[in-house]
Amino acid sequence: MMPPEMTSASLLLWIVLGITLQIALWLGISFWRHWGEYQALRTGVGSDGGMAVPVKETLPSASEPASVAAWSGFRSFRVDRKEIEDGAQSICSFYLVPEDKQPLPEFKPGQFLTFRLDVPAPDGHTEQITRCYSLSDAPHAGFYRVSIKRVPAPAGSAYPPGRSSNYFHDHVQVGDVLQVRAPGGHFHIDRSDAPVVLIGGGIGITPVLSMLNWCMAEQPGREVWLYYGVRNSNEPIKRSHLEALSATYPNFHLRLCFSDPLPGDQLGRVYHHQGRVDVALFRTELPLKPYHFYICGPTPMMESLVLGLEDWGVPESRIHYEAFGPASIKRSANPTAVEPVVATQSDIVVTFAKSGKQIPWQPGMGSLLDFAEANGVKVESSCRAGSCGCCQTTIKAGEVAYGHAPDFDPEPGSCLLCSCTPKTSVTLEA
């Protein structure tokens with residue numbers, strides 16, 4: 001028999017060892033249980049082999065809406081609101097909501113909508129035309145917005161006023177239904193944090209305004225300069241909105257440039273620079289940074305700025321512009337430019353299957369659309385610059401080549417006649 005004091009010491013030792021083992025066992029079980037939960041959440045597989053159920057449901061944020069596929073063809077939209085935007089009463093915004101009340105795909109800021117319109121014809125009937133207008137706001141869940149300037153007849157000429165713009169202003173009312181193709185176009189802002197210079201001339205501000213609104217909503221810390229060129233204080237659209245953004249966001253720099261200010265337009269109060277937007281102005285104001293330049297406006301303005309920026313040393317990859325037909329903008333010669341591919345072989349034949357015509361190609365005819373019209377082949381067309389997709393035609397055999405990448409992406413197996421020429425003998429469904 002052990003002495004009593006040894007029995008008590010042994011008992012105490014066994015009790016301590018027992019408690020220690022229980023604590024270690026509990027810690028081990030807890031560790032492996034939590035490790036299993038962590039692995040289940042990390043991999044998406046539960047401990048029983050099924051999908052793990054997160055503790056809290058994650059919803060898409062406002063800046064990352066659920067993806068909605070673009071629709072094909074035309075879709076019905078109702079005009080929900082009209083707003084005059086400028087002092088001259090010549091620009092009107094149209095807010096469009098889908099008739100089917102289904103979600104809208106998110107567009108890229110800078111893209112445009114294509115409309116199919118039934119406009120009055122001189123003979124009293126209606127004529128169907130297709131036109132493109134830039135989206136003028138950041139993406140929203142329930143509506144699209146376009147801002148359209150009324151185009152008057154040119155002074156001293158026999159040309160009529162703009163058919164589609166005047167139709168929108170005079171005939172399209174709240175509640176009317178319009179046929180609209182999904183947003184498209186390759187002119188849109190990137191989603192990086194690189195500093196940007198946005199340049200809008202006249203109504204060319206519309207896609208630039210879409211870019212600006214998106215940047216302020218989604219990237220408020222991004223450095224953004226806006227150079228907006230108009231004649232005077234009657235012409236800017238959304239001026240109070242632009243000034244409010246400038247006062248709210250220190251990284252946004254607004255520059256209103258008036259080429260022909262009114263007597264009451266005070267420099268420094270009503271506008272920031274007298275004269276046209278040009279590279280000389282950029283040289284005096286912009287810090288030396290790798291800016292991306294986004295330009296939209298009249299062709300002479302864009303042509304001057306594109307060439308001026310290239311001469312200033314801005315890389316071609318940082319100069320982006322909307323011309324609804326990039327061929328109209330002359331670029332400096334450089335090794336990366338895409339040269340148009342023009343067929344010169346005399347043995348190339350273009351066959352128009354539906355019209356039953358087979359005609360030798362004539363290299364000096366321009367595009368396949370020009371060639372078709374010159375030979376009595378009727379093809380529906382509108383923009384003639386690769387933007388609206390109206391002249392899209394199926395290629396039944398052969399190949400075509402593009403002088404520049406069109407804004408509208410044709411469906412596989414088809415081409416835009418206004419923007420291409422035959423590369424080989426080709427058969428078209430026209």
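Helices here are DSSP runs of H or I with at least four residues, strands are DSSP runs of E with at least two, and both are numbered from the N terminus. By that count, the chain has 7 helices and 19 strands. This is a predicted model, where local features need pLDDT of at least 70, side-chain atom pairs count only at pLDDT 80 or more, and totals for chains, interfaces and linings use all residues. Residues are numbered from 1 along each chain as its sequence is written, and side-chain values use heavy atoms, with hydrogens and water left out.

**Overall packing**

- Of the 430 residues, 41% count as buried, with buried meaning under 20% relative accessible area, exposed over 50% and partly exposed in between (1.4 Å probe, protein chains only).
- Take the contacts (heavy atoms within 4.5 Å) with a separation of 6 or more: 63% of them come from residues 24 or more positions apart.

**The parallel sheet**

- Six strands make an open sheet with parallel pairing, in the order β10-β9-β8-β7-β11-β12; two strands pair if DSSP finds at least two bridges between them.
- At the edges sit β10 (273-274) and β12 (319-322), each pairing on one side only.
- β8 and β9 are joined in the parallel sense by 7 bridges, and L226 has L254 in β9 as its bridge partner.
- Helix α4 lies across β8 and β9, at about 140 degrees to β9; axes are lines fitted to C-alpha atoms, for helices over the stretch in contact, and angles run from 0 to 180 degrees between N-to-C directions.

**Nonpolar cores**

- A nonpolar core is a set of buried Ala, Val, Leu, Ile, Met, Phe, Trp, Tyr and Cys residues joined through side-chain atoms within 4.5 Å.
- The largest one has 29 residues, and those touching the most other members are I189, L198, L212, V224, L226, Y228 and F252.
- Elements that each supply at least two residues to this core are β7 (196-201), α3 (205-218), β8 (224-230), α4 (239-248), β9 (252-258) and β11 (292-296).
- The top contributor to this core is α3, with 8 residues.
- Apart from that core lies another, of 24 residues, including L96, V119, I129 and V146.

- P109 sits in the loop between β2 and β3, and it counts as buried because its relative accessibility is 2%.
- Leaving out residues up to four places away in sequence, P109 touches P139, F187, H188, I189, R191, S210, M211 and W214.
- The C-alpha atoms of P109 and A138 are 6.2 Å apart, although the two residues are separated by 29 residues along the chain.
- In helix α2 (residues 163-171), the buried residues are S164, S165, N166, Y167, F168 and H169.
- Among the elements covering those α2 residues are β1 (74-84), β2 (91-98), β3 (112-120), β4 (126-134), β5 (144-149) and β6 (177-184).

**The mixed sheet**

- Another open sheet has 5 strands in the order β14-β13-β19-β15-β17, with mixed pairing.
- β14 (357-360) and β17 (414-416) are its edge strands with a single partner each, so one side of each has no neighbour in the sheet.
- Neighbouring strands of this sheet are turned by 35 degrees against each other on average, direction ignored.
- Strands β15 (residues 392-397) and β19 (residues 426-428) run antiparallel and are joined by 2 bridges; A397 has T427 in β19 as its bridge partner.
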